[in-house]
Amino acid sequence: MAASSDLGLLANYYYDCPASHGPHAAYLQSVIRSALRGDEAAMRSVIMHKGIFSTGDNEGYSEVPEGLLRTLGDARYAAFVSGQSGEVRDAALGLLPVHTQDFVRTYPRTAKLYHAWIASQRRTSSQTLQPTAGRCGEQI
């Protein structure tokens, strides 16, 4: 069993993963520790919470982005997010505690990425709702 301190801010996430109670527990621990050290492949694995990294019905995965941000710091987390695909970027930014009072001041680079991401989500949403020549505002 991994000590909570060994897994830092992702200890709850580990214990929420069903794989933590099976033959993949040691591998799961290893990947979480690597993610906390900034290994990008490991970060993607835990952020995407699929396969053995899934928490099932528990919501421990929602702690992952903040745990990585707080552990790695603003510059490293923002650099990671900047280089990721849209799917990973969505997961890495979508669950951050951006509405806290100090978020922008404490994590300015990540906050800038978050605000750009939100703006792109709004543009994409409004663009898909715009009437087009083939769809002239008809309601189905």
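Student: Is Tyr27 buried, exposed or partly exposed?
Tutor: Tyr27 counts as partly exposed, because its relative accessibility is 48%. Buried means under 20% relative accessible area, exposed over 50%, and partly exposed in between, with a 1.4 Å probe and protein chains only. The model is predicted, so local features need pLDDT of at least 70 and side-chain atom pairs count only at pLDDT 80 or more, while totals for chains, interfaces and linings use all residues. Residues are numbered from 1 along each chain as its sequence is written, and side-chain values use heavy atoms, without hydrogens and water.

Student: How many aromatic pairs are there?
Tutor: The count is five. Rings of Phe, Tyr and Trp (its six-membered ring) pair if their centres lie within 6.5 Å; planes under 30 degrees apart are stacked, over 60 edge-to-face, and the rest tilted. The rings of Tyr27 and Phe53 form a tilted pair, because their planes are at 55 degrees, with centres 6.3 Å apart.

Student: Which parts does that pair tie together?
Tutor: Tyr27 lies in helix 2 and Phe53 in the loop between helix 3 (40-48) and helix 4 (64-72), so the parts joined are 26 residues apart in sequence. Helices are DSSP runs of H or I with at least four residues, numbered from the N terminus. Phe53 is buried, at 8% relative accessibility.

Student: What about Phe103 and Tyr107?
Tutor: Their centres are 5.4 Å apart and their planes at 50 degrees, so this pair is tilted. Phe103 is buried at 2%, and Tyr107 is buried at 16%.

Student: Changing topic, where is Ser34?
Tutor: Ser34 is in helix 2 (residues 25-36) and is buried, at 16% relative accessibility. Beyond its neighbours within four places in sequence, Ser34 contacts Asp39 and Ala42, contact meaning heavy atoms within 4.5 Å.

Note on methods: Helices (H or I, at least four residues) and strands (E, at least two) are DSSP runs, numbered from the N terminus.
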